[in-house]
Amino acid sequence: MSRRRQIYEGKAKVLFEGPEPGTLVQYFKDDATAYNNRKRGTITGKGVLNNRISEYLMTRLGEIGIPTHFLRRLNMREQLIKEVEIIPVEVVVRNVAAGSFSNRLGVPEGSALPRSIVEHFYKSDELDDPLVAEEHITAFGWATPQEMDEILSMSLRVNDFLTGLFFGLGIRLIDFKLEFGRLYEGEDMRIVLADEISPDNCRLWDVKTNEKMDKDRFRRDLDRGEEAYQEVARRLGILPESGPRDLKGPETMQ
Ligand code: 5GP
């Protein structure tokens with residue numbers, strides 16, 4: 001059990017001060033929320049699995065030259081990350097119509113898109129993360145045009161890589177959400193991939209059966225939510241041998 005100063009608590013994760021300056025510890029909870037906190041619950045073992053899944057995917061992305069905040073996994077539920085200044089924009093990449101895209105545009109869920117579509121949402125719980133254009137992002141100074149160019153090209157590379165990786169495991173990558181941050185190193189600043197990549201922020205469907213293997217099982221009251229996360233980890237070859245269950249989280253120092 002760690003005793004670290006908590007610096008932020010989100011819906012699915014907690015951030016603690018890291019062991020060295022410029023680092024943070026990211027702790028993965030089992031809590032699940034949807035529809036901007038209007039639906040709440042837990043998915044047993046989710047935090048353990050997402051910690052592993054995100055470690056695996058961030059590591060693979062690092063290997064192909066995508067800079068990320070990930071340093072190393074510390075234990076079942078925690079990973080060490082670089083401290084970054086989060087850009088308040090959620091980047092959603094879509095390959096197949098689903099979720100809010102289908103609702104907004106009346107495109108039936110499951111329709112393949114003619115090409116990948118990238119959307120931006122302003123990170124704001126009060127406003128329910130509204131869809132915004134690059135115009136809003138640059139006019140309000142949330143990110144510069146140069147930063148948005150870099151974010152777009154990184155997001156498309158991430159999409160190409162993850163689409164292929166999941167397809168090899170019999171999983172269709174329908175869509176996913178990314179977050180980026182500014183990493184300051186002396187005089188230099190660069191944009192890095194932050195947050196997590198897991199079934200909490202990706203839609204993953206089985207190629208053969210179209211079965212949902214992601215947080216939509218919770219959002220839409222489908223059964224076997226726990227198994228879906230386990231199955232993704234199993235296909236990635238990273239299911240913890242002891243299973244996803246572990247003890248309670250760390251004691252926090254306020
Ligand atoms: P949609 O806009 O259809 O609700 O979501 C598109 C994709 O981005 C889905 O894979 C969804 O999981 C992810 N996503 C969008 N907003 C959020 C968010 O606020 N939190 C999480 N965890 N994922 C999100």
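Visitor: Which residue is the bridge partner of Val93 in β10?

Guide: The partner of Val93 there is Val118. Bear in mind that this is a predicted model.

Visitor: How do the two strands pair, β9 and β10?

Guide: In the antiparallel sense, over seven bridges. Strand β10 covers residues 112–122, and β9 covers 89–96.

Visitor: And β9 with β12, in what sense do they pair?

Guide: That pairing is antiparallel too, with four bridges. One place to look is Val91, which stands opposite Leu178 in β12.

Visitor: Is β9 mostly covered or mostly open?

Guide: Mostly covered: eight of its eight residues are buried.

Visitor: Where do side chains point in a strand?

Guide: In a regular strand they alternate between the two faces of the sheet.

Visitor: Back to β12. What does it form with β13?

Guide: The two strands form a hairpin, with two residues between them. Gly186 sits in that turn and has a positive phi of about 60°. Strand β12 runs over residues 171–185 and β13 over 188–194, and they pair in the antiparallel sense over seven bridges.

Visitor: Which residue in β13 does Gly181 stand opposite?

Guide: Val192.

Visitor: New topic, the ligand. How many residues surround it?

Guide: There are 15 of them, and the closest are Arg94, Ser100, Asp175, Arg203 and Arg219.

Visitor: How many in the shell are nonpolar, polar or charged?

Guide: Four are nonpolar, three are polar and eight are charged.

Visitor: What lies 3.4 Å from an oxygen atom of the ligand?

Guide: A polar side-chain atom of Glu90. Asp129 also has a polar side-chain atom at 3.5 Å from a ligand oxygen. For Asp200 the atom belongs to the backbone: a polar backbone atom there is 3.1 Å from a nitrogen atom of the ligand.

Visitor: How much of the ligand does the protein bury?

Guide: The protein buries 79% of the 490 Å² that the ligand exposes when taken alone.

Visitor: Which elements give two or more residues to that shell?

Guide: Those are β9, α2 (99–105), β12 and β14 (202–206).

Visitor: What comes between β9 and α2?

Guide: A loop, and Ala98 lies in it. Ala98 has 0% relative accessibility, so this residue counts as buried.

Visitor: How far apart are Ala98 and Arg203 in sequence and in space?

Guide: They are 105 residues apart in sequence, but 8.5 Å apart in space from C-alpha to C-alpha. Arg203 is also one of the closest residues to the ligand.

Visitor: And in α2 itself, is Leu105 buried or exposed?

Guide: Leu105, which lies in helix α2, is exposed because its relative accessible area is 51% and the cut-off for exposed is over 50%.

Visitor: How far is Leu105 from Glu185?

Guide: The C-alpha atoms of Leu105 and Glu185 are 42 Å apart, and the two residues are 80 apart in sequence.

Visitor: Let's zoom out. How many helices and strands are in the chain?

Guide: Six helices and 15 strands. The radius of gyration is 18 Å, close to the 18 Å that the globule rule gives for 254 residues, so the chain is as compact as a globular protein of that length. The C-alpha trace spans about 50 × 45 × 35 Å along its principal axes.

Visitor: What share of the residues is buried?

Guide: Buried residues make up 48% of the 254.

Visitor: Where is Asp30 found?

Guide: In the loop between β3 (23–28) and β4 (31–34). Asp30 counts as buried, at 16% relative accessibility.

Visitor: What does the side chain of Asp30 make with the side chain of Arg77?

Guide: A polar contact, at 3.0 Å. A polar atom of the Asp30 side chain also lies 3.1 Å from the backbone nitrogen of Gly45.

Visitor: Last one. Which residue other than glycine has a positive phi near 60°?

Guide: Asp221 has one. Its place is in the loop between α5 (216–219) and α6 (225–236), and with a relative accessible area of 61% Asp221 is exposed. Asp128 is not a glycine either, and its phi is positive at about 65°. Asp128 is placed in the loop between β10 and β11 (131–132) and is partly exposed, at 38%.

Note on methods. Residues numbered from 1 in each chain as written. Predicted model: local features only at pLDDT ≥ 70, side-chain atom pairs only at ≥ 80, totals over all residues. Heavy atoms only, no water. Pairing = 2+ DSSP bridges. Near = heavy atom within 4 Å. Polar contact = N/O pair within 3.5 Å; in protein donor to acceptor, adjacent residues only side chain to side chain. Areas by Shrake-Rupley, 256 points an atom, 1.4 Å probe, with all protein chains shown as cover. Nonpolar A, V, L, I, M, F, W, Y, C, P; charged D, E, K, R; others polar. Rg over C-alpha atoms; globule rule 2.2 N^0.38 Å. Buried < 20%, exposed > 50% of the residue type's maximum accessible area, 1.4 Å probe, protein only.
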